[in-house]
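These are my notebook entries on a single chain. I record what I looked up, in the order in which I looked it up.

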Amino acid sequence: MTASTPASYVLRGTAAGGTLRIVGMDATQVVEDARIRHHLSKTATAALGRTLTGSVLLATVLGKRSDSRVTVRVEGDGPVGFIVAEGSVDGRVRGYVRQPDADLPLRERDGKLDVSGIVGTQGELSVTRLLDNGEPYTGSAHLVSGEIAEDISTYLGVSEQIPNAVLLGVYEEGGRVAHAGGLLIQAMPGVTDETLGKLEANIRAMGQITDNLRRGGLMEAINRATDGLNVQLAAEAQGSRFECRCSREKASDSLKFFDAAERQDMINAGGQEIVCHWCGEHYQISPDEIAALDATDTHARA
């Protein structure tokens with residue numbers, strides 16, 4: 001198992017007399033950990049970082065239990081290939097991209113990272129979660145921009161029938177992630193047109209979420225988005241960290257899917273390295289450990 005320092009966090013709250021649900025995340029440490037673990041390019045960092053943040057926000061909104069998690073898969077026609085992120089209600093998150101070194105120049109029109117270009121605009125965003133009966137359910141929506149936030153918002157509106165606003169951003173400086181985070185604002189029953197109009201005006205006026213994060217962190221973004229709507233936040237934040245569910249035991253057990261001759265080749269070669277695609281952790285499985293797998297299988301058959 002791998003885990004980061006829990007410097008990232010999630011804030012929950014309501015606004016406009018409970019007719020708006022607010023979920024915000026400071027994902028700076030989570031995204032920086034992902035960048036380091038997967039040796040991501042600048043643009044790939046932004047793409048995965050937005051998806052990691054979005055997965056935690058979605059888990060918070062869609063999860064029914066304290067251990068609920070959702071898996072977000074973004075598959076566009078851009079050079080980064082697919083993006084996968086798994087977020088949990090308890091703040092744990094992990095994820096990866098198909099091509100971590102894929103990159104593009106800054107956009108000419110505004111000098112921003114070209115996330116849409118690296119993700120692509122033709123493709124699909126899918127979300128997998130467990131229903132109340134424990135069965136997995138996957139919903140999907142076509143990509144609308146490749147910017148991730150708009151795509152997640154579209155998914156919530158189309159597949160989950162949840163009116164919402166989603167803001168996601170990653171800002172890199174000096175070769176590292178300086179700021180990353182996001183907001184998901186959900187319209188609840190009883191919300192008025194006046195409230196929605198005020199919310200839309202606030203979001204237009206606040207500009208890029210990364211600019212707000214740079215000025216005053218997550219609270220700056222929340223306050224700007226909910227200005228005049230009487231936001232009420234929970235007293236305590238939920239810690240969040242990049243944490244994988246891999247382990248040395250699971251890595252070793254994965255070799256059981258190879259036949260005995262293939263495992264013998266691994267033993268003759270001095271062992272086998274297993275790399276977790278979720279977190280980039282390397283596990284060196286020794287010849288003795290591989291041989292023990294065959295011994296276990298022999299005893300099991302006996």
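**Entry 1**

I began with isoleucine 148, which is buried at a relative accessible area of 0%; buried means under 20% relative accessible area, exposed over 50% and partly exposed in between, with a 1.4 Å probe and protein chains only. I note that the model is predicted, that local features need pLDDT of at least 70 and side-chain atom pairs pLDDT 80 or more, and that totals for chains, interfaces and linings use all residues. Residues are numbered from 1 along each chain as its sequence is written, and side-chain values use heavy atoms, with hydrogens and water left out.

I located isoleucine 148 in the loop between β7 and α4. Helices (H or I, at least four residues) and strands (E, at least two) are DSSP runs numbered from the N terminus. The phi of isoleucine 148 is near 80°, a positive value in a residue other than glycine.

I then listed the buried residues of helix α4 (residues 149–159), and they are Ala149, Asp151, Ile152, Ser153, Tyr155 and Leu156. I asked what covers the buried residues of α4. The cover includes the helix α2 (42–62) and the strands β6 (124–130), β7 (136–142), β8 (164–173) and β9 (176–187), where contact means heavy atoms within 4.5 Å. Just after α4, I found glutamine 161 with a positive phi of about 55°.

I placed threonine 210 in helix α6 (residues 209–225). Threonine 210 is buried, with a relative accessible area of 11%. Setting aside neighbours within four places in sequence, I found threonine 210 in contact with Gly169, Val170 and Tyr171. I also looked up threonine 210 against glycine 182: they are 28 residues apart along the chain, and their C-alpha atoms are separated by 8.9 Å.

Next I turned to the loop between α6 and β10 (232–233), which holds asparagine 230. Is asparagine 230 buried or exposed? I recorded asparagine 230 as exposed, at 54% relative accessibility. The phi of asparagine 230 is near 55°, again a positive value in a residue other than glycine.

**Entry 1**

Cysteine 276 is in no disulfide, and the nearest cysteine sulfur, that of cysteine 244, is 3.6 Å away. Cysteine 279 is likewise in no disulfide, and the nearest cysteine sulfur there is that of cysteine 246, 3.6 Å away. I checked burial for both: cysteine 276 is buried at a relative accessible area of 11%, and cysteine 279 is buried at 1%.

**Entry 2: Isoleucine 290**

I found isoleucine 290 in helix α9 (residues 287–301), where isoleucine 290 is buried with a relative accessible area of 0%. Which residues does isoleucine 290 touch, not counting those up to four places away in sequence? I listed Leu255, Arg263, Met266, Ile267, Gly271, Gln272 and Ile285. Isoleucine 290 and threonine 14 are 276 residues apart in sequence and 53 Å apart in space, C-alpha to C-alpha.

**Entry 3: The chain as a whole**

I counted 9 helices and 13 strands in the chain. The radius of gyration is 21 Å, close to the 19 Å that the globule rule gives for 302 residues, so the chain is as compact as a globular protein of that length. The radius is taken over C-alpha atoms, and the rule is 2.2 Å times the number of residues to the power 0.38. Along the principal axes, the C-alpha atoms fill a box of roughly 70 × 45 × 35 Å.

I recorded 49% of the 302 residues as buried. Of the contacts with a separation of 6 or more, 64% are between residues 24 or more positions apart. The accessible surface of the chain comes to about 14,100 Å², of which 48% belongs to carbon and sulfur atoms; the areas come from the Shrake-Rupley method with a 1.4 Å probe, and for residues only the protein chains shown count as cover.

Terms used: A disulfide is a pair of cysteine sulfur atoms within 2.5 Å.
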